[in-house]
Amino acid sequence: MLLPIKWLSKYVDIDVTSKELADGLTYSGSHVESINRLDKGIEKVVVGRIDKLEKHPHADKLLVCEVNVGKELLTIVTGATNLKEGDYVPVALIGAKLPIGLDIGETNFRGVDSQGMLCSLRELGYGDNVIPKEVRDGIFVFDKEYPLGEDASYFLDLDEDVIEFEITPNRPDCLSIFGMARETAATFKKTLKHPEIKVKNEVDDIFEYTNGIQVETPNCYRYYSRVIKDVKIAPSPMWLQTTLMNAGVRPINNVVDVTNYVMLEFGEPLHAFDLDMLNGRKIIVRQAYDNEKLTTLDGIERILSTDDIIIADDQMPIGIAGIMGGLHSEITPETKTVLLEGANFSSKHVRLTSKKFALRTEASTRFEKGIDPYLCNVAVERVCQLIEEIGAGTVVKGIIDVNQITGEDKIISLRPERSKKLLGVDISIDEMIQSLSNLGFQSKFENDVILSKVPSFRADVEVEADLIEEVGRLYGFHNIKSMPLVGGLTRGERPYNKQVELKVKNILQGLGYNEVMTYSFISPKAYDKLNLKEDAVERKYIRLINPLGEDYSTMRTTLMSNMLELLSRNEKKGVEEVLAYEIGYTFMPKSLPVTELPDEKQVLSVGFYGNKDFYFMKESLEVVLARLGIKNIEYIREENNPSFHPGRTAILMVDGIRIGVFGEVHPDVCENYNIKGKIYLAHMDFDNIVKLTNIEVKYKPLPKYPAITRDIALVVDENVMVGELEKIIKDNGNGLVERIILFDIYRGNQVEENKKSVAFSIVYRSYEGTLTDDVVNNIQNAIIKEMESQFMAKLRS
Amino acid sequence: MKERLESLREKALKEIQNIVNLSELEDLRVKFLGKKGEITSILRDMGKLSAEMRPVVGQMANDVRADIEDKISEAKEILGNKAKEAKLTKETIDITVKTENLRRGHRHPLLATAEELEDLFISMGFSVVTGPEVETVENNFDALNSPDNHPSRDLSDTFYINDELLLRTHTSPVQIRAMKELGAPLRIVSAGRTFRFDDVDDTHSPMFHQLEGLVVDENISMANLIHTLDIFIKELFGEDMKTRYRPHHFPFTEPSAEVDVTCIKCRGEGCPVCNFTGWSMELLGCGMVHPKVLENCGIDSEKYTGFAFGMGIDRITMVKYGINDIRLLFENDNRFLDQF
């Protein structure tokens, strides 16, 4: 929303600087985005008159002008083609500066010295979006005589500031100069000046020109209409054009400009139809029929449906209600009779239709937020007045006002003590009433409450708290003295799983892992790339109905794909080694199609590549679990997980609960992710880890008696796992095995083929007394015997 | 014999002086003092001496032995020290050699920031709660007083799973869950992932993060809200930070405000980052919980009032570390992560 200060000051006295105005309005709730000085960058541009115009002696496409700038006559060369002698134009003198970054000096054009430059609107800093089409390429020519040599930007109304606001969707009333004037008046405690609206001369009768307005849909709350005859379509007077341009709207012709002016002034979008083009000289407001067609003003054919509200004549659609008119009944230079529409439509319908056609206009952005239905008449009357004033036509007597407005006056009571409770500040009853009245709420104090009548332009105000906000924002939130929270002391803490999460993150950070963060939605291709089986539970994923694209269309049931993708990206970029982990959620539907919230399961995903192996992963997980007090870890060989290497993958179990899988990623999967090196991944069920976590530590007395260490070396088949041998040692140790240290695995000349020698140091210790050789020997013998019988192990001597 | 002992002493002491290492010294000890050494062989001839002479010579032999022993142990200590020094000198290493056996892992800057924000509020007595990323339309919109036709509900703004389920567009549904489950009084924060239908560019991401806070109690006012957030901002960015509370609009709070904070880059001087305003805009949204929202959660809005606030963690992280492209937060480039 652009607010030119000169326009604003027609309705409220402004006696502060633009900066002060912007700050004041910011504090009362209108968010200022920028303050723009329109003549910024313009220096030494004056009004000049072209006294003589001649062809350049040496260049066909150039003209040499004699320009009168008051005190002197200048010779200026131009390439423009739209000039004639006697035209008043903006002249950039030698030494002038233009906002497009030009510094004007004396220039020689093919033997003729040019003592300045004639300016187009673009050169004066106007945006292409507001420059009228017909003057886009030429020098700007003033509409009449102005004092020669005087500052041109003054007569172009460029000597002002325009404040740009971001208006929140609940305040459509602020999408107008008058609405902002009301805010300004309330903020600065000034009087709001209503413009006097009166048509002087009315002739004939409206029903001589039209066969009436028929409203056939409940979604048009009001349709207010008048007719203008003897219309003379022409460019608007300059004040109207510059006013529109300064507010960001391009001048088109006098009738359209007036409707745009009034829309900006009051916030009521208006439309002007060429009445002579209407079949049956009639307006029908209805829902469209399915597949009905209309070519809108922008030249695009729209296929309508019954959800769209349209304006029609008695044969066909002539406009999409509240969005854009039709090309057929557009105002053209030949238009003689105009029917003016000031209407009010269902904001929901306008919004949906605008959305459907991806067609957002000044009208639709206002209607979709909801507009005061009592503006229709004010705005249309204002248009009539201005058309009369600028001599663009004659107003026809009579109005047609189809009014289906329902609803009653809304009166809300405001308890002063409630306001104090909510804002934490004591504002006097008088001040509250004053603030509310200034904002258009008729208010009075009665039976200990303030009774406020909500004006029709403030549909956003519904309850007492809304009134308190109005009072509070005019008081100024920045004026509220801050006060500490009182009440009982509370202890802040994290939920248990978050506490565990932080411990895990700390450990992994210490081990050199970087924390990563990836999207919760992934491509459905991921499940194929992971080589998951057809019946894998991960394939029962939830789809978004409106994803940003296929790549973001499923809620992830695994974190492995995200991890592989980021490792792949890093490898491609030449990063030598990456150690990464993510703690995130998977989304497991309770049923498909989804009918209720899915189970969001927390997962710890670990992955790396580089100079690390399976055992680094295994040890990393062991360190993490040890930190959480999780013992009794069991590893089960996993040969059937198609994402992983069949010989280098383990399932991790604790007390019979599966807490995850880890290992080397299957080379096929690596290939799917364009990964060249080896990748190790772990996918851990974090919910189960949290369940098993036992962070409480109990001290155990230090040993008083010495340990005995014995080494044994055994030759076993290649497929016997160290873990299995260790289990035998533990199971047969009578609780006296303190540590088992694997110190050698040997394959080679000394042992048979497909066999290996495994050597352990076993540390025995008792907490009861000093161990004797006999006791230890017996245990060692039992261990060896068990190994012989279970794995045909042979003691290596 | 006396002469023999005397010359032996001299010979031994002389030889000791010439010894350069410990093993030669040991050889020397054996040669003179050992069981088959020279003193022993002299003493073996004691029997030939007269009874008067024997104690005299015996005494002298002991003196000679003691002398030699002293000198040997003296030499031993000197040689030992020399050997130790030589060993240490030999063990000198190049202390500038760089190894990379250990590496420090790094927290993700955004998640670390989220944790830091939580910690600040925990220290103020707030408890951390969590909520699901997939939410109901009811919790995400309806219960938060969002109008039925509000554009944020559109398919072009919100990711839907079906008519009733969506990806939460803000952390505010956690307010609803907390109020319904825990009732009043309440003092909570919740940080997490949020989702909006935004194409990826340098300031937008379809997934982003928010931190939500909620206090419900008797007599909670806007003045308390301002006090709480001011403390928080100063703790986070520094004591010299100023705040600006601008009236704004959110469906679930009334009154509502947006909070601008002194530009973190220029500390209020005005710079390109803050568009020369001196303010970092829209860092937080906040307000007094709308009475309808309290009632929707079964809390008596006459007895209790409350305030709520929310902020974009991505934005705060970017401001804090001077990150200019939000995509860096989600790309997980190791060279980026290694910087934090």
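Which residues does A:Ile284 touch, not counting residues up to four places away in sequence? In this predicted model, local features need pLDDT of at least 70 and side-chain atom pairs count only at pLDDT 80 or more, whereas totals for chains, interfaces and linings use all residues. Residues are numbered from 1 along each chain as its sequence is written, chains are lettered from A and ligands numbered from 1 in the order in which they are written, and side-chain values use heavy atoms, with hydrogens and water left out.

With that exclusion, A:Ile284 touches A:Gln214, A:Glu216, A:Ile310, A:Ile311, A:Ala312, A:Asp313 and A:Asp314, a contact being heavy atoms within 4.5 Å. A:Ile284 belongs to strand S16 of chain A, residues 283-287; strands (E, at least two residues) and helices (H or I, at least four) are DSSP runs numbered from the N terminus. A:Ile284 counts as buried because its relative accessibility is 10%, the class being defined as under 20% relative accessible area with a 1.4 Å probe and protein chains only. Between A:Ile284 and A:Thr217 the C-alpha to C-alpha distance is 9.4 Å, at a sequence separation of 67 residues.

Chain A as a whole contains 20 helices and 41 strands. Of its 797 residues, 53% are buried. Among contacts in chain A between residues at least 6 apart in sequence, 70% link residues at least 24 apart. The C-alpha atoms of chain A occupy a box of roughly 125 × 85 × 60 Å along the principal axes.

In chain B, domain 1 spans 2-90 and domain 2 spans 109-337, with bounds taken from an automatic or database domain assignment. The centres of these two domains of chain B, taken over C-alpha atoms, lie 90 Å apart.

Terms used. Buried means under 20% relative accessible area, exposed over 50%, partly exposed in between (1.4 Å probe, protein chains only).
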